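Welcome! Here is a short briefing to read alongside the sequence and the 3D view. Please take a look at both before going on.

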Amino acid sequence: MTAAPIEVLLSGPVIAELSSTARAALPNETGGLLLGWWETNDEVDAVIVRHAIEVPDRRATPVTWVRRPSTARTALSRALTALKHPLLGYVGDWHSHPESCPASRQDQASLLRTSLQYEHPVLLLIHLPGGVIDIAAGYAGQPRSAVRRQDEGAA
Ligand SMILES: [Zn+2]
């Protein structure tokens, strides 16, 4: 059975948060966690991504940013408390590439590794110059295809 592509809806403030956080970190990379929720039924796996929070890495460079687990846990619980949205949870990771290059082999490997820890597929968004957002997904250690769904304005 071939799984249908995951539908990814970038909703609410997430795109603005990605852009402003990425811009503020220049010339270095930065990144963090994606918050949203899953809508899964027989036909489709969809993920609504509402927020991108930053997990600062003081040792980030123009080509590296490392998600440190304890900083990530703190940022996640702080954000969930502050945002007070009952559906919000961790749905994936993001980071910026100041140069226009897509997910690296290492990025893909770490996505697949992370996906082993979750019941749902996990997303990786890469924010590229010019507001381009590269989307990848992994599930149970394997790549999953993902397509961006346009915002219907309802979310
Ligand atoms: Zn990268």
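A residue is called buried if 20 or more other C-beta atoms lie within 10 Å of its own, exposed if 12 or fewer do, and partly exposed in between, with C-beta atoms placed from the backbone. Tyr-118 counts as partly exposed because it has 14 C-beta neighbours inside 10 Å.

The model is a predicted one: local features need pLDDT of at least 70, side-chain atom pairs count only at pLDDT 80 or more, and totals for chains, interfaces and linings use all residues. Residues are numbered from 1 along each chain as its sequence is written.

**The chain as a whole**

- The chain holds three helices and eight strands; helices (H or I, at least four residues) and strands (E, at least two) are DSSP runs, numbered from the N terminus.
- Followed along the sequence, these elements give the pattern β-α-β-β-α-β-α-β-β-β-β.
- The radius of gyration is taken over C-alpha atoms, and the globule rule is 2.2 Å times the number of residues to the power 0.38.
- A compact globule of 155 residues would have a radius of gyration near 15 Å, and the chain agrees with its 15 Å.
- Along the principal axes, the C-alpha atoms fill a box of roughly 45 × 35 × 30 Å.
- Of the 155 residues in the chain, 34% are buried.
- Two residues are in contact if their C-beta atoms, placed from the backbone, lie within 7 Å.
- Among contacts with a separation of 6 or more, 70% come from residues 24 or more positions apart.

**The sheet**

- Eight strands make an open sheet in the order S7-S6-S5-S4-S2-S3-S1-S8, with mixed pairing; two strands pair if DSSP finds at least two bridges between them.
- Strand S7 (142–144) and strand S8 (146–149) are at the edges with a single partner strand each, so one side of each has no neighbour in the sheet.
- Neighbouring strands of this sheet are turned by 35° against each other on average, direction ignored.
- Axes are lines fitted to C-alpha atoms, for helices over the stretch in contact, and angles run from 0 to 180 degrees between N-to-C directions.

**Strand pairs**

- Strand S4 (residues 89–96) and strand S5 (residues 122–128) run parallel, paired over five bridges, and Ser-96 stands opposite His-127 in S5.
- S2 and S4 are antiparallel and joined by six bridges; Gly-36 has Gly-89 in S4 as its bridge partner.
- S2 and S3 pair in the antiparallel sense over nine bridges, forming a hairpin with four residues between them.

- Where is Tyr-118 found? Look in the loop between helix H3 (105–115) and S5.
- Tyr-118 and Gly-92 are 26 residues apart in sequence, and their C-alpha atoms are 9.9 Å apart in space.
- Ala-46 has its place in strand S3 and is partly exposed, with 15 other C-beta atoms within 10 Å.
- Not counting residues up to four places away in sequence, Ala-46 touches Glu-7, Leu-9, Glu-39 and Arg-149.
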